[in-house]
Amino acid sequence: MSVSAIIFSLAYQLSATSGPVDAALKSTETPDTFRAAFTVTLKSPKAVRTFSFDPREQGANRWSLLEASGEDDDLDEAVAAWASEPAPDGRLFPDDLRPSIGQRVNVQDFGAAWRVRFRHKPSINDGELDVWIAERVNADAWLDPVSGKFLRLDYSLPRSVRGPDGGRLTKFEQSYFLESDPEWGLSYIAAYTMGFEAKGGFQTINRNYTATVTSIEFFFSSPEAEEKFEAQQHHTTGRALANR
């Protein structure tokens, strides 16, 4: 049997509403009462910014600058938009992944990881530009068959396209790197990369930056919320949470 035939034999369709894909999706679905304090470092080719966030703090202590170097107005604008959100820690939780993936996915088994290929379906959190991009990019989720958790999400533009307002989008790449909290068993985004290139009006626009999250502390907004989550997990799995 040829190598191509072997690879083909390991590619198949799976339901996203049951089995391994469903289990991996459940680990990304965090309740609104699950919060996070963290440090994040954002880098572009021109600048670096490190911030800390803690939803339990008030005023300037809630989102505070720890270190800065270089100058990049676009990076500062992206940071300001993130900091102004009611719950900036919400970006750590890919909790709208299930509606984005849909009910069936194409799976290719590479042994160490499964590639779950899907057509991104816009969610209520997606804006007009998000919807336009979703219709044109390839979407892959990489799943660890041993842990049953997602490892990363990749979105890439297969070819250049004309933009919604003219010009051409020649490059778009976006990746989310996921890890699993050992105490609660929930998946979160530990790093993010984004890069795109657009051409129009005799100019080329490039945007590239990464965000790396460290020093993460997870907790619930109240003891009652924690007890409710534990009860739900015990009801679903029939056992108490690990390490509790």
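How many aromatic pairs does the count come to? The count comes to 19 aromatic pairs. Rings of Phe, Tyr and Trp (its six-membered ring) pair if their centres lie within 6.5 Å.

## About the model

This is a predicted model, where local features need pLDDT of at least 70, side-chain atom pairs count only at pLDDT 80 or more, and totals for chains, interfaces and linings use all residues. Residues are numbered from 1 along each chain as its sequence is written, and side-chain values use heavy atoms, with hydrogens and water left out.

## Aromatic rings

A pair of aromatic rings is described by the distance of the centres and the angle of the planes. Planes under 30 degrees apart count as stacked, over 60 as edge-to-face and the rest as tilted. Phe93 and Phe218 form a tilted pair, with 6.1 Å centre to centre and 40° between the planes. Phe93 lies in the loop between α3 and α4 (97–101) and Phe218 in strand β12, so this pair ties together parts that are 125 residues apart in sequence. Helices (H or I, at least four residues) and strands (E, at least two) are DSSP runs, numbered from the N terminus.

Both Phe93 and Phe218 are buried. Buried means under 20% relative accessible area, exposed over 50%, and partly exposed in between (1.4 Å probe, protein chains only). Ring pairs also link these two with Phe34, Trp184, Tyr188, Phe220 and Phe229 into a cluster. Elsewhere, Arg56 lies over the face of Phe219, 4.0 Å from the ring centre. The rule for a charge over a ring asks for NZ of Lys or CZ of Arg within 6 Å of the ring centre and within 35 degrees of the ring normal.

## Nonpolar cores

In soluble globular proteins, nonpolar side chains tend to be buried together. A nonpolar core is a set of buried Ala, Val, Leu, Ile, Met, Phe, Trp, Tyr and Cys residues joined through side-chain atoms within 4.5 Å. The largest one has 27 residues. Phe38, Val40, Leu42 and Trp63 have the most contacts inside this core. Elements that each supply at least two of its residues include β2 (34–43), α3 (73–83) and β12 (203–220). A second, separate core has 26 residues, among them Leu97, Val107, Trp114 and Leu153.

Contact means heavy atoms within 4.5 Å. Leaving out residues up to four places away in sequence, Leu42 touches residues including Ala47, Phe51, Leu75, Trp82 and Tyr209.

## Salt bridges

A salt bridge is a side-chain nitrogen of Lys or Arg within 4 Å of a carboxyl oxygen of Asp or Glu. The whole structure holds twelve salt bridges. Arg207 and Asp74 form one of them, at 3.1 Å, N to O. Arg207 lies in strand β12 and Asp74 in helix α3, so the pair ties together parts that are 133 residues apart in sequence. Arg207 is partly exposed at 27%, and Asp74 is partly exposed at 32%.

Arg117 and Asp140 meet at 2.7 Å, N to O. This pair links strand β6 (residues 114–118) to strand β7 (residues 138–144). Arg117 is partly exposed at 35%, but Asp140 is buried at 9%. Salt bridges also join Asp22, Lys26, Glu29 and Arg98 in a network.

## Around Trp132

Trp132 is found in helix α5 (residues 128–134). Its relative accessibility is 14%, so Trp132 counts as buried. Not counting residues up to four places away in sequence, Trp132 touches Val161, Arg162, Gly163, Pro164 and Leu169. Ser215 is 83 residues from Trp132 along the chain, and their C-alpha atoms are separated by 35 Å.
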